[in-house]
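Please keep the sequence and the model in view while reading.

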Amino acid sequence: MQQRSTAPAGLGEPSTSPVSSHNEWDPLEEVIVGRLEGATIPSHHPVVTCNIPPWAARLQGLAAGFRYPRFLIEQAQRELDGFVALLDSLDVTVRRPDAIDFRQRFGTPDWSARGFCNTCPRDSLLVVGDEIIETPMAWPCRYFETHSYRSLLKDYFRRGARWTSAPKPQLTDELFEADFRPPADGEPMRYVLTEFEPVFDAADFVRAGHDLFVTRSNVTNRMGIEWLRRHLGPGYRVHEIESRCRTPMHIDTTFVVLGPGRVMVNPEYVDLGRLPEVLDSWEVLVAPEPDPIDDPLLKITSMCGKWLNMNVLMIDEKRVIAERHHATMLRALEEWGFEPVPCDLLHYAPFGGSFHCATLDVRRRGTLEPYVR
């Protein structure tokens, strides 16, 4: 008697997963690139404003819930279109999230907010091998951000990928330190997050096969790091990189893995004498100072600080997409033996980042290699 399949309609038994990415350097085959359509100034909240000066926090509070100005969107869109065209020319498949109206208000029984944007898939989704993980983000305005990726996630799942969502956080007042202010130089480090529940952004992690590196930050707490460590299990090691940044948020302007056993570090944020022991045999490359940005509007509106020259995207072990403006970084990459591919994305900074932030590498051609020692 023939046994009838119990698989849901539309689901086969794929031999390989469309999601497969173990590190930051294997040849890139498919990537998700964020969108600018619908970008909305994030709702006012201490976890949103803790990383910016008080005057900027007041201005953000007045503008919260409104669309970003057209003059900011248009220049960034031109550069983003050029970046997508560059990826196409490099034979990288580009996928995009759905366009969403982020002005819509939503909430839970405890709070309500409007949305933000889906410019940075690197924040809300983490790829480890054939698994894609929705992260428990600490910004209330980003609570449902991954809904704009659901069409892609369902497609990847139907074709064989593993799809996981970390526990949705409550984001009640217990998660946030009352009357928080960033520490001044010389003061002990402190964070806006408590350990009330696990929260983390995927962009606080970078991958090197069995080894993942993470920074604790104002969007990633110790419980979040421990949740991912337990979820991945004993086949992976999660190492914390201490950051001296007074307002830490995301690792990809602090500690950037460029290849097997090669990492670029931020000399302002990283103490080379306090790196994890696993890095003793690695080549540690010290990032050059960013080239100055003269545009006063970019200085005011950027969410990311000055070190976006480090926010690069590896196409493979040699080729690396880097910001055209940062000529000093381009020269350094050449001197280190890489082949930089210059591209413009300077005006993406008001929306959350640069090349690494704006992408999620879904598939890289490679396998899970033994520990790098």
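The model shown here is predicted. The loop between strand 7 (162-165) and strand 8 (205-208) contains Asp179. The phi of Asp179 is near 55°, a positive value in a residue other than glycine. Asp179 has a relative accessible area of 79% and is therefore exposed, the cut-off for that class being over 50%.

Helix 3 has 20 residues, and the distance from its first C-alpha to its last is 28 Å, close to the 28 Å expected at 1.5 Å a residue. Its buried residues are Leu72, Ile73, Ala76, Gln77, Glu79, Leu80, Phe83, Val84, Leu86 and Leu87. Just after helix 3 comes Asp91, with a positive phi of about 65°. Asp91 belongs to the loop that runs between helix 3 (70-89) and strand 2 (93-95). With a relative accessible area of 67%, Asp91 is exposed.

Asn266 is placed between strand 12 (262-265) and strand 13 (283-286). Is Asn266 buried or exposed? Its relative accessible area is 0%, so Asn266 is buried, a class that requires a value under 20%. Once neighbours within four places in sequence are set aside, the residues in contact with Asn266 are Thr253, Thr254, Trp307 and Met310.

How values were computed:
Residues are numbered from 1 along each chain as its sequence is written. This is a predicted model: local features need pLDDT of at least 70, side-chain atom pairs count only at pLDDT 80 or more; totals for chains, interfaces and linings use all residues. Side-chain values use heavy atoms; hydrogens and water are left out. Helices (H or I, at least four residues) and strands (E, at least two) are DSSP runs, numbered from the N terminus. Buried means under 20% relative accessible area, exposed over 50%, partly exposed in between (1.4 Å probe, protein chains only). Contact means heavy atoms within 4.5 Å. The expected span of a helix is 1.5 Å times one less than its number of residues.
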